[in-house]
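Biologist: I have the sequence and the model open side by side. Please take me through the helices, the domains and the sheets.

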Amino acid sequence: MKIAKYPFAVLSAALFTVMLITPISSISNLIWLNSVNMPIGIFKSLEVLLFDFQRLGILLYGVVIIGFAVAFSVTGLLTKYINFHAKYLYAFAGACAIGITMYLMVVLLFESELLGGNRTIIGKILHWLAGFFGGYFYYFLISKNYDYTFIIRYLGVLYAYIILGFSLNWIFTPDTAAADFGFILKDLADNAQNALLRDFTSFFVATLIFVLLGVVTLNPTWFFSAGIIYICAAIFNLTAVLIHGTEYNLIYVGEIFLGLWPIFLGITILIKR
Amino acid sequence: MKFFLSFFILFFSIHSSTEYKYETVLDNLDDAWSFVFLNEDTILFTEMPGKLKIASLTNKSIINIGNVPEVAYSSQGGLSEVILDPDFDSNNKIYITYSAKKDNKKITLYLSSAELKNNELVNRKVIFEANAFRRSPAHMGAKIAFLNDGTLLLTSGDGYDHREKAQKLDNHFGKIIRINRDGSIPQDNPFISNKNALSDIYSYGHRNMQGLVITGSGEIYEHEHGPKGGDELNIIKPSLNYGWPAITYGIDYSGAVISPFTEKEGMEQPLFTWIPSIAPSDMIFYEKDLYPELKNNFLITALVSKDVKQININDLTTQKSLFTDLNFRLRNIQDSPKGYIYLLTDGPNNKLIKILPK
C-alpha cells in the first residue's frame, strides 16, 4: 500500500481537479447562454453541469492524470533538494501542470481552445487555481498512510462516475441514450417508451446508488448488488440471442466488465476482513 | 423531432454508387480546395498553400498563375474558393477567398477580385476583409456565390474560439455577407439601417459554412459543419438568425454541452440535420440533364462519410449516399458546362475525379 498510494494519489488528485475544472467551462457557457436570453433555469443548469462533468470530464481526466504524473514525479525529486514547504511545492506543481497541459492542448493538438472556460484570462486563472488545489490535495493524500479501503473507495467512485454518465443520458437525453442501444425511442408506442425509460433509468440509477453506498459504508453487499445486476444483464443478453433469436450484440462484454468490477471490490473487502 | 428525423434518415440512407464509373483526370494536387470550369476541358483551381492554377483535363498540363496574394496556410486556412464573374467571358474577372495575416498579426478572411490575363492576376484588389480576426485559421467558411441580382454572398465562419460572436452583429464571425462586386455594400441589405450592426451582414448565427448555392429560382441554400453531430442544411433568408451556438443539435468535440437547447423562437431550424456528422464540404444544385436521376437534387460532398449525399429539393427528408465505393474524403464538387460531375478529393496529393453517367 505504501508504494501504491502514490499512483492512487495522482489518480485521486486528478479526479478532484477535474471536478473543479469542468464547472468552469459549464458555468461560463451558462452565463453566456443567459446573456443571449436563453431560458436557463435550475434544471437546464444542472443538466449542463452534470453532462459536462461526465463527458468533458472523462477527456480531461486522462489529460490531467498525465500532467500530474509528470509534475508530481519531478516535484517529488525536487523536495529532496529544495528546503521549502512540500505542500506548496506540490500545489505550485499542480498549477503549472494544468497551465502547461492546457497550453499544449492548444498548440499540439487542436490549434484552438478546446475548453470554452479557458478562453479568457479569468478562466485561465481559475484553471491554474484548480491545479493548485489539486496539487495541495495530492500532498494531503501522500502525507498520510492509508489502508486498502482507500483504493476500494477510489475504484468505487470511478465506477460511479462511469455509471453516472449512463444515468444522466437516460434522464436527460433518452433519445440519444436509446440510439446508443440501437433503437429509435420515438418509434415505440407510448407504453413501450414509458416502460423502457423507467426500466433503463432505474437500472442505472439503482446501481449508481448501490455503489455509492458501498463506497460510504464499505459494506460489500452493496458492491455485490450492483455486480449481480450487470452479470444478470449479460447472462440474459446472451439468453435473448441464443434462445429467443435476437440479434447478436457486444453489449454483454461491457455488462460483464461492469459486473465484475464491483464484485472484485466486494470480494477484496471480504478477504481483507 | 429533428433527432428522430435524423436517425430515421441515417437508418434509411441508401448506398448506391456501383452503377457509376470513375475517371481520375488529375492527380497529385497539392491540397487543392476548389475549382471552376473555364470551359469543358479546362479548370481553374486553388491549392491551399497559395497556388492558383489552370489545368487542362485533356492533356493534363498545369500552369501556375502569377501574382496570387500571400496566404496564411495552416490548419483550415489558405487559398480557398475561386469563382468566375458572371461576365467572365467579357471581363476575365475572378474572385478568390483566402486567409491571411493582417500586419503580420492575426488571421482573417479576405475576398479579392482580379482579372485573369496571360496567366497572371492583374488589377488585383481586396474587396472584403472580414472583421473576424483570430489566432489560428479555423472555421473560415470562405465560400462565395453570386445572387441572381449580381451581388456576392460570402460565408465567414465562426473561428471556433469565437463561436459566441456569431450571435453579435458587430463582427463577421459566423455570418453570411452580401456585397457588390466592387466591395461596396448594397443599399437593400437587411441591416443597412441598423447602427449596431455591420451593414454587409446578410444572415447570422452560423458555424462553418462550406456549401453555398443559389438555385435557378434564386433561393439560397447553405450547409454548415456542426460540432460533434448537428451538421445542417439551411435555406438562407435575409436578416435571419440561424441560432449557432445558442441552439444546436451537436455537442462540442470535447464532449461538453454547447447548448442544451435545439430550438428557440426567432432562431431558424435547419431543413436537414446530420447526426452523427458527415462533415459537409461543398454542394451543387444539379440542374442539367446528363444524369437525369440527379436532376433538381442537391449533391453534397462529405469528408467524414466519404460520399456524396443526394437530397431532392422536393423531398428534403430523405437522402441517398452516392459514390461510396470511391472511399475518399471529398472536398469539392462541380458540374462542367456539359453537365459532367467532377469530385475533388481532400488533403495533400489529392485528385480530381470525373463521374461518368450510367
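Biologist: How do H5(A) and H9(A) run relative to each other, roughly parallel or roughly antiparallel?

Modeller: This is a predicted model, in which local features need pLDDT of at least 70, side-chain atom pairs count only at pLDDT 80 or more, and totals for chains, interfaces and linings use all residues. Residues are numbered from 1 along each chain as its sequence is written, and chains are lettered from A and ligands numbered from 1 in the order in which they are written. The axes of helix H5 (residues 148-172) and helix H9 (residues 251-272) of chain A come within 10 Å and cross at roughly 165°. Angles over 145 degrees count as roughly antiparallel, under 35 as roughly parallel, 65 to 115 as roughly perpendicular and the rest as oblique, so H5(A) and H9(A) are roughly antiparallel.

Biologist: What counts as a helix, and what is an axis here?

Modeller: Helices (H or I, at least four residues) and strands (E, at least two) are DSSP runs, numbered from the N terminus. Axes are lines fitted to C-alpha atoms, for helices over the stretch in contact, and angles run from 0 to 180 degrees between N-to-C directions.

Biologist: Is the crossing of H5(A) and H9(A) left-handed or right-handed?

Modeller: A crossing is left-handed if the near helix is turned anticlockwise from the far one by less than a right angle, and right-handed if clockwise. For H5(A) and H9(A) the crossing is left-handed.

Biologist: Which residues of H9(A) make the contact with H5(A)?

Modeller: Contact needs C-beta atoms, placed from the backbone, within 7 Å. By class, this contact has eight nonpolar, two polar and one charged residues. Ala, Val, Leu, Ile, Met, Phe, Trp, Tyr, Cys and Pro count as nonpolar, Asp, Glu, Lys and Arg as charged, and the others, Gly among them, as polar. H5(A) brings A:Tyr148, A:Ile152, A:Leu155, A:Gly156 and A:Tyr159, and they meet A:Trp261, A:Pro262, A:Leu265, A:Thr268, A:Ile269 and A:Lys272 of H9(A).

Biologist: Now H1(A). How does H1(A) run relative to H4(A), roughly parallel or roughly antiparallel?

Modeller: Helix H1 (residues 5-35) and helix H4 (residues 121-142) of chain A have axes that come within 8 Å and cross at roughly 155°. That angle makes the pair roughly antiparallel.

Biologist: How many residues of the contact of H1(A) with H4(A) are nonpolar?

Modeller: H1(A) passes H4(A) in a right-handed crossing. Residues of H1(A) in this contact include A:Phe16, A:Leu20 and A:Ile24, and those of H4(A) include A:Phe133, A:Gly134 and A:Phe137. Seven residues of the contact are polar, one is charged, and the nonpolar ones number 15.

Biologist: Is H1(A) oblique or roughly antiparallel to H2(A)?

Modeller: H1(A) passes H2(A) in a right-handed crossing. Their axes lie 6 Å apart, and the packing angle is about 135°. That makes the arrangement oblique.

Biologist: Which helix gives the largest share of the side of domain 1 of chain A that touches domain 2?

Modeller: An automatic or database domain assignment sets the bounds, with domain 1 at 5-142 and domain 2 at 148-272 of chain A. Their centres, taken over C-alpha atoms, are 28 Å apart. Seven residues of domain 1 are in contact with seven of domain 2. On the domain 1 side the largest share, four residues, belongs to H2(A).

Biologist: Which helix gives the most to the side of chain A that touches chain B?

Modeller: Here 26 residues of chain A are in contact with 21 residues of chain B. The chain A side divides into 13 nonpolar, four polar and nine charged residues. With nine residues, the top contributor is H2(A).

Biologist: Over to chain B. Which residue stands opposite B:Leu233 in S18(B)?

Modeller: S15-S16-S17-S18 of chain B is the order of a four-stranded open sheet with antiparallel pairing; strands pair if DSSP finds at least two bridges between them. Three bridges join strand S17 (residues 231-236) to S18(B). The residue opposite B:Leu233 is B:Phe272.

Biologist: What is the bridge partner of B:Gly141 in S12(B)?

Modeller: Another open sheet of four strands in chain B has the order S11-S12-S13-S14. Its edge strands are S11 (141-146) and S14 (201-204). S11(B) and strand S12 (residues 152-156) pair in the antiparallel sense over four bridges. The partner of B:Gly141 is B:Ser156.

Technical notes. Contact = placed C-beta atoms within 7 Å.
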